[in-house]
Amino acid sequence: MVGFDKRTRARLYLWLVEFTSIPTYVGIYLMFISGYGMITRKAALVTFGILKRPNSIILHTLSPLPYLVGLLTILHAVAGLGCLIMRRVKNPKLAQILELINVLVGIFFAGQLTVLEFL
């Protein structure tokens, strides 16, 4: 990425991976369980009655949770792949190109998600 030295980028990627890991973990859990809660009663059993069908529908479709989890997942993936590129790709020019592609794909994906959420 233009404007940041390698050390700064590495610290930023690592910070993003660490910052997004727990919220992404919790968010994906809630999305999966609420998805099952919309189609089966078993989800209510494993969540001790918290995610019955009505709560699951609200959480899964009417809340901003899917959008937020999507953004967190994109950030986590872009940062993780950025770390991987910096550690494993030895050719500096190739690493820069791959980092740029990684960030552009993340921006494109976030843009698509935003359009789907708000239009």
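A salt bridge is counted where a side-chain nitrogen of Lys or Arg lies within 4 Å of a carboxyl oxygen of Asp or Glu. The legends below describe close-up views of a predicted model.

**View 1. The salt bridge between R9 and E99.** A search of the whole structure finds one salt bridge, and the side chains that meet in it are those of R9 and E99, with a separation of 3.0 Å from N to O. Since R9 belongs to helix 1 and E99 to helix 5, the pair ties together parts of the chain that are 90 residues apart in sequence. Both partners are buried: R9 has a relative accessible area of 10%, and E99 has a relative accessibility of 1%, where buried means under 20%. Side chains of opposite charge can pair when their charged atoms come close.

**View 2. The lining of the largest pocket.** The largest pocket of the model has a volume of about 190 Å³, and of the 12 residues that line this pocket, L16, L75, V78, V103 and I107 are the closest to its centre. Helix 1, which covers residues 6-39, helix 4, which covers residues 65-88, and helix 5 each supply at least two residues of this lining.

View 3. The residues L94, I97, L98, I101 and V105 together make a nonpolar surface patch of about 410 Å². One of these residues, L94, has its place in helix 5, which runs over residues 92-118, and L94 is partly exposed, with a relative accessible area of 41%.

View 4. Most residues other than glycine have a negative phi. The relative accessibility of F48 is 77%, so this residue counts as exposed, the cut-off for that class being over 50%.

View 5. The C-alpha atoms of V26 and R11, which are 15 residues apart along the chain, are separated by 24 Å. For R11 and C83, which are 72 residues apart along the chain, the separation of the C-alpha atoms is 9.1 Å. As for their cover by the protein, R11 counts as exposed at 59% relative accessibility, whereas V26, at 43% relative accessibility, counts as partly exposed.

**View 6. T73 and N91.** T73 lies in helix 4 and is partly exposed, with a relative accessible area of 32%. The C-alpha atoms of T73 and N91 are separated by 28 Å, the two residues being 18 residues apart along the chain.

How values were computed:
Residues are numbered from 1 along each chain as its sequence is written. This is a predicted model: local features need pLDDT of at least 70, side-chain atom pairs count only at pLDDT 80 or more; totals for chains, interfaces and linings use all residues. Side-chain values use heavy atoms; hydrogens and water are left out. Patches are made of residues with over 30% relative accessible area and no salt bridge: like charges are joined within 9 Å, nonpolar side chains (Val, Leu, Ile, Met, Phe, Trp, Tyr) within 5 Å. Accessible areas come from the Shrake-Rupley method with a 1.4 Å probe; for residues, only the protein chains shown count as cover. Helices (H or I, at least four residues) and strands (E, at least two) are DSSP runs, numbered from the N terminus. Buried means under 20% relative accessible area, exposed over 50%, partly exposed in between (1.4 Å probe, protein chains only). On a 1 Å grid over the protein atoms alone, a cavity is a set of points where a 1.4 Å probe fits but cannot get out, and a pocket is an open set with protein on both sides within 12 Å along at least five of seven lines; lining residues have an atom within 4 Å of a point. Grid points are joined across faces, edges and corners, and a volume is the space filled by probe spheres set on the points.
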